[in-house]
Amino acid sequence: MRTGIATVCLSGTLTEKMQACAIAGFDGIEIFEQDLVTSPLRPEDLRKMAADLGLTLDLYQPFRDFDGVTEDLLAANLRRADAKFRLMSRLGMDTILVCSNVATATIDDDGLRAKQLAALAELAGDHGVKVAYEALAWGKYVSDYEHAHRLVEMVDHPNLGSCLDSFHILSRDWDTAPIEDFNPDKIFFVQVADAPKLSMDVLSWSRHYRVFPGEGQFELAKFMGHVVRAGYTGPVSLEVFNDVFRQSDVDRTAVDAMRSLIWLEEQSAKWLEANAANGTTGTGGAGAKAAGRRRYPMELATLPQVAEPAGFNFAEVRAADTAALETVLGQLGFEFNGRHRTKEVQLWTMGHARVIINEQAPAAGDSAGSLSPATAAGIAAIGFDVDSPVIASARAQQLKAPAVPRKSQANEEVFQGFAAPDSTEIFLCQGSPDGTAAWITEFGEGRGFGEFTGAPSGARGAVIDHVNLAQPWQHFDEAVLFYTSALALEPQPYAEVASPSGLVRSQVMQTSDRAVRLVLNLAPLHQQDGTRHKTYQEHIAFAVDDLVATARAARDRGLAFLQIPANYYEDLDARFGLDPEFLATLQDLNLLYDRDADGEFLHFYTATVGSVFFEMVERRGSYDGYGAPNAPVRHAVQYDHLHQLTK
């Protein structure tokens, strides 16, 4: 599949955008007119630069408001088109995007539109240019891609074809199956974009909220499957208007964009495989059925296939001064299992829950696990149990995930690792049926460290329930695609939680059996410090069998619980009518509670150390949530505590 991207997707100058696209691995680009107009380089210079970078110049866009106009406007439009065609010759480009008219059209007549498009196609032919006609979702008279294609067929000129844009089609919920019956020679260009499902006018939706494939909710694999079956062989190009992307680092965004097309290519191949019995020949666009045929003119590459993770292997917290972390873990009931024989890390365990404390402060400029300030505690890495770490790592690297080297000596387990968009290190570990980890033998005897040993009886079956990671504002959508594509986690509908600093967007990523639950939080902007620093609080949650017993044992050890206001328990009583004795126990231990039709949820939080805190949870019945009604309480209490410390 030939890949492309419109320069409007990226921040920076045209030169910076082209360089980023080349580095990310794109085959070609669309030149957005404004980028060219504002560039100091001559068209001939840009043409040479593209050739030097190994990029093809696939599409010039946009040419607006051409059809359905009066004769005097048509003459002006043709003069304007002639100038653009001459410019394209200097650029070495042969395809221009012409959008259906949204502003100047006054005549709703397909015959007239066809006549005017024919005149444009004839002029384009004189310059060796092809016109790709696109139906904008908000077009005045032409807003349906099938309508636009009928006009192309009416004109029947070799220099006029269709541009199929997934956003303009899927935002209107148009059926994409008719694409298979299009003559592939008349499909001149294909653009793709994803988007969240929003209730707003389609123009605003399009201009501000498009995202890369895999970061929204459109059925893009199905759309691409129909395009492939039609026999299309040209570029598949990203056209994404997004306020965040156009403010983000151009190199990072280009890599994210390329990852999305790699993912889409794989998903499209899977869709075609799953729907092979309903396919067409894909060779002439005539719609002839050929059940089971799976070869099409466009070849779709696939990635190494991996199963979703079987569970968490470990979580790693890093801090230069680890005393506070050691104290909190000991008070929770974790056992110290010693220091690593060659690395400056400690191992703490409770049941099958393993926490590594990294005693090394990150080096200046370290993009992995960078904290602010450098000595503060924060989540640095997560280990996942997978069937084949090597294959899973190969998949992640093909998806542009940067590898994280980990020094290993003889007789030490080799972890495959890569960095997530927020710089958290992800390690892939060989899972075991009994939930154990072979690498723990690399740690020395640790019992007796400090004053706390021995997990309480209610916590001996503990596991990591979920990990909550704060995401920089400019990489939130990137993170969703990253964990979807690289780790096979499934994104759930996101929620917004109120906090004293504003709304916190929360996105759950999980496996089908809930063995892995990863919660991505987009913190309010003013609580974030740059792209690599984690100042917004994150946490690791551990599931136990008996939370009340665990909490009592932790209190006896002197744990500093997050102090929950009395007003919360009055509201809890009003909402659920709990047994008075049970309610008193909750309040006495600072426990929070939630209930739904499937079960109950008990949890408590520790005080924050650096930028990390811990949560202990108990799931009763089939409760599957995270105590969402309690999240505003936590945010408010943590906010008060933080501001008291800074006064």
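**View A. Where helix H1 meets helix H10.** Glu16, Lys17, Ala20, Cys21 and Ala24 of H1 are in contact (heavy atoms within 4.5 Å) with Val250, Asp251, Ala254, Val255 and Met258 of H10. Sorted by type, the residues of this contact are seven nonpolar, no polar and three charged, with Ala, Val, Leu, Ile, Met, Phe, Trp, Tyr, Cys and Pro counted as nonpolar, Asp, Glu, Lys and Arg as charged, and the others, Gly among them, as polar. This is a predicted model, where local features need pLDDT of at least 70 and side-chain atom pairs pLDDT 80 or more, while totals for chains, interfaces and linings use all residues. Numbering starts from 1 along each chain as its sequence is written, and side-chain values use heavy atoms, leaving out hydrogens and water.

**View B. Inside the largest nonpolar core.** A nonpolar core here is a set of buried (under 20% relative accessible area, 1.4 Å probe, protein chains only) Ala, Val, Leu, Ile, Met, Phe, Trp, Tyr and Cys residues joined through side-chain atoms within 4.5 Å. Of its 185 residues, Phe26, Phe85, Leu164, Phe223, Met224 and Tyr483 touch the most other members. Helix H10 (residues 250-274) gives the largest share, eleven residues. Another core, of 13 residues, lies apart from it and includes Phe415 and Trp439.

**View D. Helix H11, tucked in.** Seven of the ten residues of H11 (residues 323-332) are buried, so the helix is largely enclosed by the rest of the structure. Among the buried ones are Leu325, Glu326 and Gln331.

Key:
Buried means under 20% relative accessible area, exposed over 50%, partly exposed in between (1.4 Å probe, protein chains only). Helices (H or I, at least four residues) and strands (E, at least two) are DSSP runs, numbered from the N terminus.
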